[in-house]
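Student: Can you walk me through this one? I'd like to start with what the words mean.

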Amino acid sequence: REPRQRLLSTFRFLQQVFGTNGTKGCWGCCCGGWGLSAALRTTYFRTVRAFPRDAPEGLRAFLQIPGVTGCQTKMVMGRACADPSPVAANESSAAVGFVRHRMAFVGIAERRLETLCLWHATFGTPLWSIEVSAAATAPVQNHTAPAGLELDDAEDAPLYAAAVRRFESVPESTAAAVR
């Protein structure tokens with residue numbers, strides 16, 4: 001996922017989960033795999049709840065929590081998404097190398113339908129109409145950052161750039177099958 005959109009999407013998701021009038025909880029499938037310790041979960045909860053839904057200060061405060069950025073790179077390296085340690089330069093290089101040369105398949109969330117078609121063309125499996133329908137009716141949401149807020153995830157940007165380059169450089173025979 002495009003790193004800025006992942007940050008915005010995570011923040012919006014947590015706002016929905018934690019809400020402003022109580023908690024629905026973030027203990028199950030979605031947050032459980034992020035590597036959130038109880039203390040970090042509490043920090044996320046308090047930060048998200050401390051501001052009105054569209055207040056840029058809330059997102060700004062969220063972005064300051066250790067471990068919010070670099071999620072995709074950390075996970076490629078086998079770390080928890082919310083690991084508070086920043087991504088080291090050697091980890092970034094290793095993750096980019098893995099995506100460029102060793103990962104069996106690279107898809108792009110914002111290009112969901114192309115990703116589905118490419119997956120099936122790459123691995124020779126049938127593309128089901130329900131997959132196409134689901135991709136068309138539930139597109140990946142793009143969120144807008146509040147005006148005046150510089151939003152960047154420098155830890156994930158190199159990985160995403162490598163993923164896009166890999167995605168766009170499929171062999172012509174596979175690309176023809178996707179078309």
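Predicted model: local features only at pLDDT ≥ 70, side-chain atom pairs only at ≥ 80, totals over all residues.

Student: Okay, so which class does Trp119 fall in?

Tutor: Trp119 has 38% relative accessibility, so it counts as partly exposed.

Student: And Phe105, buried or exposed?

Tutor: Phe105 counts as buried, because its relative accessibility is 17%.

Student: How much of the chain is buried?

Tutor: The protein chain has 179 residues, and 39% of them count as buried.

Student: New topic. How many helices and strands are there?

Tutor: There are 10 helices and zero strands in the protein chain.

Student: How do α6 and α9 pack?

Tutor: Helix α6 covers residues 89-102 and helix α9 covers residues 157-168. Their axes are 9 Å apart, at an angle of about 15°. Angles under 35 degrees count as roughly parallel. That is why α6 and α9 are roughly parallel to each other.

Student: Which residues make the contact?

Tutor: From α6, they are Ser92, Ala95, Val96, Val99 and Arg100. From α9, they are Pro158, Leu159, Ala162, Ala163 and Arg166.

Student: What classes are they?

Tutor: The contact of α6 with α9 has seven nonpolar residues, one polar and two charged.

Student: What's the handedness of the crossing?

Tutor: α6 passes α9 in a right-handed crossing.

Student: Switching to rings. How many aromatic pairs are there?

Tutor: The count comes to five aromatic pairs. Take Tyr44 and Phe62. Their ring centres are 5.5 Å apart and their planes are at 80°, so this pair is edge-to-face.

Student: Where do Tyr44 and Phe62 lie?

Tutor: Tyr44 is in helix α3 (residues 38-49), and Phe62 is in helix α4 (residues 56-63). The pair therefore ties together parts that are 18 residues apart in sequence.

Student: Are those two buried or exposed?

Tutor: Both Tyr44 and Phe62 are buried.

Student: Which residues form the aromatic cluster?

Tutor: Phe11, Tyr44 and Phe62 form one aromatic cluster.

Student: Back to Phe105 and Trp119. How far apart are their ring centres?

Tutor: The centres are 5.1 Å apart. The planes of Phe105 and Trp119 are at 85°, so that pair is edge-to-face.

Student: Where are Phe105 and Trp119 in the chain?

Tutor: Phe105 sits in the loop between α6 and α7, while Trp119 is in helix α7. They are 14 residues apart, and the pair links distant parts of the chain.

Key
Residues numbered from 1 in each chain as written. Heavy atoms only, no water. Axes fitted to C-alpha atoms, helices over the stretch in contact; angles between N-to-C directions. Helix = DSSP H or I, 4+ residues; strand = E, 2+ residues; numbered from the N terminus. Parallel < 35°, antiparallel > 145°, perpendicular 65-115°, else oblique. Left-handed = near helix turned anticlockwise from the far one by under 90°. Contact = heavy atoms within 4.5 Å. Nonpolar A, V, L, I, M, F, W, Y, C, P; charged D, E, K, R; others polar. Phe/Tyr/Trp six-rings, centres within 6.5 Å; stacked < 30°, edge-to-face > 60°. Buried < 20%, exposed > 50% of the residue type's maximum accessible area, 1.4 Å probe, protein only.
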